[in-house]
Amino acid sequence: MSSAVFTYESLVHAVSGAMGSVTAMTVFFPLDTARLRLQVDENRKAKSTPAILAEIVKEEGLQALYRGWFPVICSLCCSNFVYFYCFHGLKANWLKGRQSTSSSDLIIGIAAGIVNVLVTTPLWVVNTRLKLQGSNFRNADIRPTNYSGILDAFMQIIRGEGVGALWNGTFPSLLLVLNPAIQFMIYEGLKRQLRGGVPRELSFVEAFMIGAVAKMVATVVTYPLQTIQSILRFGQFNESTDKSKLLSSLRTIKCLLVNRVRKNGILGLFKGLEAKLLQTVLTAALMFLLYEKIASCTFRIMGLNKIHYKKR
């Protein structure tokens, strides 16, 4: 198994995915800022994405749109490296040269997602807090934080809330492994359909479009849980007192979902979806486009281009 998982090919996929995601997120980062504000600040009225961005710039300055960029990019780079590496490493080990199917892509995607969540959740907890630090919230119950950087945030969270707080939101995150799993299942399936059994490189338009479609479907299906995940990572919620951590997580998720519906109706679960779709679909589409081109170029240089396409 180790020989199939630990290969240069898996490493190329991982580096290409990480580079593509970092570039794409940097381009569309302000859209993610708008999405996160709408998810966490319940008293902020749901407006169009341009209106939210204009509001943030007016109240906090232009730099607020890129607040928390560095920790987000660090987290995203690590997260996508781990996910792409696990996905393609496990896929190579499982299929052993056979053609993949939608069901195998989904199962492998879930397994890669679980590994990714357990390894990178602390990074995402810290980056969520740093990104929201200094924001003007409409909700008066939100307490201000004062972190000087990534390491300081880690230390303050551990001292004030315990090591376990670094894995806040892990349970919904584990449920949300369906998001990238569904995304990769649809992406790989559409890619097989476009190629029609002929090993070839995708065009710029093809890679961009199927990346956008795959992410759009995955986001709409899992968005309510993504909202709860953001609230849990932010850390300012009333946690259940159950002794069982699983029961406590389930009760907390249920409580947050019910409170959200009571305050804003069923549409409250989808608050910020417009900003999320705009950001995540464009980011994923650009990421897959860059990933395909970087990986293809690297394999061509390594002399593995034909083998690479046959395996996929």
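Predicted model: local features only at pLDDT ≥ 70, side-chain atom pairs only at ≥ 80, totals over all residues.

Visitor: Why is methionine 19 called partly exposed?

Guide: Its relative accessibility is 44%. Buried would need a value under 20% and exposed one over 50%, so methionine 19 counts as partly exposed.

Visitor: Which residues make up the nonpolar surface patch?

Guide: Tyr8, Leu11, Val15, Met19, Phe81 and Met302 make a patch of about 560 Å². Helix α2, residues 8–27, gives the most to it, with 4 residues.

Visitor: What makes the span of helix α5 close to the expected one?

Guide: Helix α5 covers residues 69–95, which is 27 residues. From its first C-alpha to its last it reaches 38 Å, against the 39 Å expected at 1.5 Å a residue. Just after α5, lysine 96 takes a positive phi of about 50 degrees.

Visitor: Let us turn to the rings. How many aromatic pairs are there?

Guide: Searching the whole structure gives 12 aromatic pairs. In one of them, phenylalanine 84 and phenylalanine 184 sit 5.3 Å apart, centre to centre, with 70 degrees between the planes.

Visitor: Why is the pair of tyrosine 223 and phenylalanine 270 called stacked?

Guide: Here the centres are 6.3 Å apart and the planes make an angle of 15 degrees. The cut-offs are 6.5 Å for pairing and under 30 degrees for stacking, so tyrosine 223 and phenylalanine 270 count as a stacked pair. Tyrosine 223 lies in helix α10 (residues 204–234), while phenylalanine 270 is in the loop between α11 and α12, so the pair ties together parts 47 residues apart in sequence.

Visitor: Are tyrosine 223 and phenylalanine 270 buried or partly exposed?

Guide: Tyrosine 223 has a relative accessible area of 0%, so it is buried. Phenylalanine 270 comes to 31% and therefore counts as partly exposed.

Visitor: Which residues form the aromatic cluster?

Guide: Tyr83, Phe84, Phe87, Phe184, Tyr187, Phe288 and Tyr291 form one cluster.

Visitor: Where does lysine 293 lie?

Guide: Lysine 293 lies over the face of phenylalanine 204, at 4.5 Å from the ring centre. The distance limit for such a contact is 6 Å.

Visitor: On to charges. How do you know that glutamate 161 and arginine 129 form a salt bridge?

Guide: Their closest N and O atoms are 2.6 Å apart. The limit is 4 Å, so glutamate 161 and arginine 129 qualify as a salt bridge. Glutamate 161 is in helix α7 (residues 150–161) and arginine 129 in helix α6 (residues 102–132), so this pair ties together parts 32 residues apart in sequence. Glutamate 161, at 42%, counts as partly exposed, whereas arginine 129, at 3%, counts as buried. The structure holds 10 salt bridges.

Visitor: Why are glutamate 188 and lysine 191 separated by about one helical turn?

Guide: They are 3 residues apart in helix α9, which means a separation of about one helical turn. An α-helix has 3.6 residues a turn, so residues three or four places apart point the same way. The side chains of glutamate 188 and lysine 191 meet in a salt bridge at 3.6 Å, N to O, and both residues are buried.

Visitor: Which residues are joined into one network by shared partners?

Guide: Lys91, Asp105, Glu188, Lys191, Arg192 and Glu292 are joined by salt bridges into one network.

Notes: Residues numbered from 1 in each chain as written. Heavy atoms only, no water. Patch = residues over 30% accessible without salt bridge, like charges linked within 9 Å, V, L, I, M, F, W, Y side chains within 5 Å. Areas by Shrake-Rupley, 256 points an atom, 1.4 Å probe, with all protein chains shown as cover. Helix = DSSP H or I, 4+ residues; strand = E, 2+ residues; numbered from the N terminus. Buried < 20%, exposed > 50% of the residue type's maximum accessible area, 1.4 Å probe, protein only. Expected span 1.5 Å × (residues − 1). Phe/Tyr/Trp six-rings, centres within 6.5 Å; stacked < 30°, edge-to-face > 60°. Lys NZ or Arg CZ within 6 Å of the ring centre and 35° of its normal.
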